[in-house]
Amino acid sequence: MAKRTTGTGGSPARTNEPSVLILTSLASGPKHGYALARDIESFAGVTLGPGTLYGAISRLDDRGLIEPAGSEPGRRPYRITASGRVALESAVRAMRQIADEGAARLRLDPQVGPPGGTRVAGLPRVSPLPGGAA
Amino acid sequence: MNGDQQYRRLLRWYPSSWRGRYGDELVAMMHDEYGGRRISGSARRSIALSGVSQRVRMSGLMGDRDDPADRVRAGALLVLCSWALFVVAGSAFAKFAEHWAAVTPPGSRAVPAAAYVSVSAAAALGAVIVGIGAVAAAPSFGRSMRQGGWSAVRRPVARAASVSLAAVVAGVGVISWAHLLSGPQRNGGLLLYGVVVLGWGLLVVAALATWTRAAVVAMRRTPLTLRVLRIEGWLAFGATAAMVVVAAGTIAWWAAMASSAPWFLGGGAVGSTASALPPVMVIAGSLMVGGLLAAGVGAVGIARSMPELGAG
């Protein structure tokens, strides 16, 4: 069973964690709730319900990993903070370590994969992270 | 009901402070997603679960799942709340069980006596452990109050103090009245006295509940060092163990009395048969079971999170 690990920022290290998906999405620029949900769906193939999405947004906001990027009422955009980048980097490193290990054991070339990323039943699609966070 | 009303209705799952901060955004997202149409069942469940989880999270008894220090703190606070339940249950048991030896045949007293002593000893040990926990957190709490933390805890502390004052005043009145009554009147002969004592008991329980709530609110906002958190974690294990002994001792006493002196449980004459399920013991037992479950959840959360605490 996969065990969640925490780094200095207590960063989650599972690809399907809503917080990792949100931080990954915001690494390429500020987005509001609906835009976040669509972006995550497009790069990870994961549909986050509104409750799950805003539960994770409020946790990340509380921990200072994201912050509002404007005062627009309703569709308020969020952006990743410096601490959020550190937490995401830590999560990405942890995930990459597992991915590299898996690739090595399967004797896969980690640089080569089908377009749009691979998808294994029960696991989210693995695709390059935007914003150069890795 | 139009879409906006339907979406805003779903916000009721969330605590009011969360609604104030994120409610409009969540409604806007639902408009974007559903365009005023009826929301799907899975999204409804997602919102309901998220709302309940926010309520639990904001109570301070769950902890941030990504932060082991917060989970240790939440686990310790959950054990503290369980202890408060045990104080209520234990007090009810102590009041119910007083004078048990006087109506129990001498040859049948060994088991209930051992059980009663173990309950008393574990309760005293638990009280000492909770006291040590309070002392360990006191310096951090004092610092937090001096740095402006008082404003956050003022309301729950004021509420607890008011309820406690009411309980003390009511207690003085009940005790004064009790001195004017005969023994039989105090022990079930006068219905009005029984009702007043019950009301006073509920007031005392409310005072305990409001102080526990104030302690949870205060400790959620008190920055604790890793060393203090570890101490609180170990003390929570000790308090949980004490609760296990109290519950086991209570059950053992209850079973022994049901076997050797059932008339005591039923309040009948010596030698009579009676129900082995007196309401006071059923309530006390239920509170202990509920408290044990909550303490178990807290202790397991601490056990899982303690190894993740960094050095310090």
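The exercises below treat helix packing and a chain contact in a predicted model.

**Exercise 1.** Find how the axes of helix α1 (residues 18-26) of chain A and helix α2 (residues 33-44) of chain A are oriented, and which residues meet.

Solution. 
- Step 1. The two axes come within 10 Å and cross at roughly 100°.
- Step 2. Angles of 65 to 115 degrees count as roughly perpendicular, and α1(A) and α2(A) are therefore roughly perpendicular to each other.
- Step 3. On the α1(A) side the residues are Leu21(A), Ile22(A) and Ser25(A); they meet Leu36(A), Asp39(A), Ile40(A) and Ala44(A) of α2(A).
- Step 4. Sorted by class, this contact of α1(A) with α2(A) has 5 nonpolar, 1 polar and 1 charged residues.

**Exercise 2.** Describe the side of chain A that touches chain B: which element gives the most residues to it, and how do its residues divide by class?

Solution. 
- Step 1. In the contact, 18 residues of chain A face 24 residues of chain B.
- Step 2. The elements giving two or more residues to the chain A side are α2 and α3 of chain A.
- Step 3. Of these, α3(A) gives the most, with 7 residues.
- Step 4. By class, the chain A side has 5 nonpolar, 10 polar and 3 charged residues.

Terms used:
Residues numbered from 1 in each chain as written. Chains lettered and ligands numbered in written order. Predicted model: local features only at pLDDT ≥ 70, side-chain atom pairs only at ≥ 80, totals over all residues. Axes fitted to C-alpha atoms, helices over the stretch in contact; angles between N-to-C directions. Helix = DSSP H or I, 4+ residues; strand = E, 2+ residues; numbered from the N terminus. Parallel < 35°, antiparallel > 145°, perpendicular 65-115°, else oblique. Contact = placed C-beta atoms within 7 Å. Nonpolar A, V, L, I, M, F, W, Y, C, P; charged D, E, K, R; others polar.
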